[in-house]
Amino acid sequence: MSSARLQPTACAMLSSTIKHHCLRPVRNGVVFSTTSSCHRTNRPLSISMSASAPPTPLEICVKASLTVPNKLGDCPFCQRVLLTLEEKHLPYDLKLVDLANKPEWFLKINAGGKVPVLKLDEKWVADSDVITQSLEEKYPQPPLITPPEKASVGSKIFSTFIGFLKSKDPNDGTEQALLDELSSFNDYLKENGPFINGKDVSAADLALSPKLYHLEIALGHYKNWSVPDSLPFVKSYMKNIFSKDSFIKTRALPEDVIAGWRPKVMS
């Protein structure tokens with residue numbers, strides 16, 4: 001195992017140039033990179049390279065920003081896959097898809113029209129559950145497996161968050177349902193933390209943390225609500241994982257999260 005120092009950030013290509021967060025022209029259904037189409041801030045990125053790493057960057061289709069051209073959008077399932085790629089130090093090439101106007105090349109590779117979609121072994125793989133499991137099997141180092149008995153920890157937080165976010169009745173119990181799930185998670189972290197599988201981040205954290213990011217931004221904006229101080233282990237968990245380099249590189253803009261949830265709030 002060796003370590004290389006590369007610039008710029010995020011899309012960790014194992015070459016002298018990293019092309020990241022750029023929309024690229026389409027040729028025969030394949031999107032190619034062009035060096036003149038991006039403007040970015042360069043930051044150093046330390047990447048561990050191993051014999052198991054792919055020889056070329058993995059192609060991944062993700063949601064494009066609703067508010068800023070050529071930026072990553074607000075899909076938590078896309079971020080889950082990107083976090084997995086980052087934590088496994090796998091190079092990847094983003095292809096941003098406007099989900100309101102899906103291009104023909106995207107529908108050809110994924111008729112369902114959903115993201116994320118990752119090209120693995122010359123096949124396009126859909127669904128974040130399937131993608132992350134496939135990445136773990138093909139690139140097992142570093143391991144991100146969460147033990148089965150811990151894999152569902154915090155899994156009900158997202159649905160209760162959505163229920164509370166959409167609620168128009170302050171007395172319908174949706175806020176309490178969310179608090180109950182967060183309290184249960186807080187108790188778990190108190191005994192087992194700082195992360196779901198103890199001291200190291202695992203796949204369950206990479207699935208949950210983008211959803212907590214959406215929770216924090218959307219509830220803060222639409223309901224002026226935040227995780228209460230009575231849940232210190234949840235607050236610490238969010239602070240720790242949101243500050244990781246991999247999370248910062250793959251998170252959506254707050255304005256995209258707000259715009260993305262607006263239709264559900266207003267319905």
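Helices (H or I, at least four residues) and strands (E, at least two) are DSSP runs, numbered from the N terminus. The structure described here is a predicted model, in which local features need pLDDT of at least 70, side-chain atom pairs count only at pLDDT 80 or more, and totals for chains, interfaces and linings use all residues. Residues are numbered from 1 along each chain as its sequence is written, and side-chain values use heavy atoms, with hydrogens and water left out.

**Overall composition**

The chain contains nine helices and eight strands. Of its 267 residues, 48% are buried, where buried means under 20% relative accessible area, exposed means over 50%, and partly exposed lies in between (1.4 Å probe, protein chains only). The accessible surface of the chain is about 13400 Å², and carbon and sulfur atoms hold 51% of that area; accessible areas come from the Shrake-Rupley method with a 1.4 Å probe, and for residues only the protein chains shown count as cover. Contact means heavy atoms within 4.5 Å. Among contacts with a separation of 6 or more, 72% link residues 24 or more positions apart.

**Nonpolar cores**

In soluble globular proteins, nonpolar side chains tend to be buried together. A nonpolar core is here a set of buried Ala, Val, Leu, Ile, Met, Phe, Trp, Tyr and Cys residues joined through side-chain atoms within 4.5 Å. The largest such core has 41 residues, and Phe185, Leu212 and Tyr237 touch the most other members. Helices α4 (157-166), α5 (174-192), α6, α7 and α9 (254-266) each supply at least two residues of this core, and the largest share, 10 residues, comes from α6. A second, separate core of 26 residues includes Ala64, Leu72, Cys78 and Val125.

Beyond its neighbours within four places in sequence, tyrosine 237 is in contact with Phe185, Leu189, Pro194, Phe195, Ile196, Asp205, Leu208 and Leu212. Phenylalanine 161, in helix α4, is buried at a relative accessible area of 0%. With the neighbours within four places again set aside, phenylalanine 161 is in contact with Leu178, His214, Leu215, Ala218, Leu219 and Trp261.

**Packing of α6 and α7**

Helix α6 (residues 203-222) packs against helix α7 (residues 232-242) at an angle of about 105 degrees, and their axes are 10 Å apart. The two are therefore roughly perpendicular, a label for angles of 65 to 115 degrees, whereas those under 35 count as roughly parallel, those over 145 as roughly antiparallel and the rest as oblique. Asp205, Leu208, Ser209, Leu212, Tyr213 and Glu216 in α6 meet Tyr237, Met238, Ile241 and Phe242 in α7. By class, this contact comprises seven nonpolar, one polar and two charged residues.

**Backbone features in loops**

| Cis peptide bond | Omega |
|---|---|
| Valine 115 to proline 116 | about 5 degrees |
| Glycine 193 to proline 194 | near 15 degrees |

Proline 116 is in the loop between α2 (104-109) and β7 (117-120), and proline 194 is in the loop between α5 and α6.

Asparagine 70 has a phi near 60 degrees, a positive value in a residue other than glycine. Asparagine 70 belongs to the loop between β5 (58-63) and α1 (76-87) and is partly exposed, at 28% relative accessibility. Aspartate 127, with phi near 80 degrees, likewise shows a positive value in a residue other than glycine. The loop between β8 (123-126) and α3 (128-138) holds aspartate 127, which is partly exposed at a relative accessible area of 40%.

Definitions and conventions: Axes fitted to C-alpha atoms, helices over the stretch in contact; angles between N-to-C directions. Nonpolar A, V, L, I, M, F, W, Y, C, P; charged D, E, K, R; others polar.
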